[in-house]
Amino acid sequence: LARNPGEKEFHQAVLEVLETLGPVVRKHREYVDSSIIERLCEPERQLIFRVPWTDDSGQVQVNRAFRVEFNSALGPYKGGLRFHPTVYLGIVKFLGFEQIFKNALTGLPIGGGKGGSDFDPKGRSDAEVMRFCQSLMTELYRHLGEYTDVPAGDIGVGGREIGYLFGQYKRITNRYESGVLTGKGLAYGGSQVRTEATGYGTVYFTEDMLGTRGHSLSGRRVVVSGSGNVAIYAIEKAAALGAQVVACSDSSGYVVDEDGIDVPLLRQVKEVERGRVSDYAEQRPKARFVEGGSVWEVTCEVALPCATQNELDGDAARLLADHGILAVAEGANMPCTPEAVDVFAERGVLFAPGKAANAGGVATSALEMQQNASRDSWSFEHTEERLRAIMAGVHERCASAADEYGRPGDYVAGANISGFVRVADAMLAMGVV
Ligand code: NDP
């Protein structure tokens, strides 16, 4: 704690992992003897830099950007960039730390990293976003490469931003290096299913987890928080599997639509018009917008928090449990507070941590890297089949690690242990590096 003052989300993420590793380090003294945990908690490299850019009125603006290259034991650093005013080093380190274990859980050859900036794209014109992205890449490019560090999107960074970043990378390096970024458009090296992957993957994991108790999503009442990339495609896949998704949200409030969220309309409002969920509600006569409220007030059997960290606290968890919830799966990173996670455990609610449930996004990014490396592009069906198999593998790894270390059904312990063991073994094999 003293070494990383004020980085509260990073402390939270590290504690959550370390609390579950006791049985592993007791069994494997070699991890302790070689200080694997101390090494894992210290990023291999951290970059902080200035991003100056000119807004549409001619005023020069200055933002701060970060890239934390956390761990490359399994492959090049891999993890998204987040553009949001709340971004600071503690957020980027928490996300980068989580990413190490998540990437290991996919079984694919990718290390962990994360980046971002306190730039707020909301209300900015396309030209402003482009100038910001170009300025950011003018510094970041020297640290990237398909064998070094491969960023993707996250909150505030979607297809538009990745396009501007890739264009600037190509221009200043004079290299058409497709594998340097993922989440690219289909016209220039992107992968089918990448846009949908995190949301779809979260739903697949939920289905597998429900299956362990003889349940499924079919006919279930589901609430999703957020209305961004992850939320939209979680809603779409849950509905495709027969669930009734009745609510979603953004930072201004939530919308309840008892007819089931209309995904094409939500996509039009959010992806095309860059509007709010209140705009969605206005176009659906029976939908109700609740300003400033918590979406967890809406009764449901399955909850998929897909917005941001610490958005579902102990009180919300108790309310969900009182309403008889069966399962919660984190589409976002660390959306449930530690207290909420404890409540779910006490009340016997199935709980999937983000590093397992939302691993489908980065897994499909790794599939995009495979396609780029082989100068190939796969069909939607084939890519989705790969994603489905990868998520089944993530579920299986979590479940069997939890069983092996005496915590059956505990996906938090299973995810942390399984991810940790894979990274730790690779680090041990490479010596003190
Ligand atoms: P988007 O920017 O597309 O959407 C984010 C959504 O969350 C928006 O609806 C936004 O509402 C809401 N939100 C963001 N910050 C807050 C806040 N402080 N309070 C309330 N609501 C908020 O991001 P993504 O969908 O890509 O990411 C969502 C989560 O999923 C993040 O935790 C991210 O790290 C995680 N994730 C994303 C992956 C991906 O592939 N995109 C992969 C794995 C994890 P508003 O518009 O009002 O801000």
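How many bridges join strand S10 (residues 302-305) to strand S11 (residues 327-329)? Two bridges link S10 to S11, and the two strands run parallel. Within this pair, Ala-303 stands opposite Val-328 in S11. Strands here are DSSP runs of E with at least two residues, helices are runs of H or I with at least four residues, and both are numbered from the N terminus. Two strands pair if DSSP finds at least two bridges between them. The model is a predicted one, in which local features need pLDDT of at least 70 and side-chain atom pairs count only at pLDDT 80 or more, while totals for chains, interfaces and linings use all residues. Residues are numbered from 1 along each chain as its sequence is written.

Strands S10 and S11 belong to an open sheet of seven strands with mixed pairing, ordered S9-S8-S7-S6-S10-S11-S12. Strand S9 (288-291) and strand S12 (350-352) are the edge strands, each pairing on one side only. On average, neighbouring strands of this sheet are turned by 15° against each other, direction ignored; axes are lines fitted to C-alpha atoms, for helices over the stretch in contact, and angles run from 0 to 180 degrees between N-to-C directions. Helix H8 (residues 194-211) lies across S10, S11 and S12, at about 150° to S11, with contact meaning C-beta atoms, placed from the backbone, within 7 Å.

Technical notes
Two residues are in contact if their C-beta atoms, placed from the backbone, lie within 7 Å.
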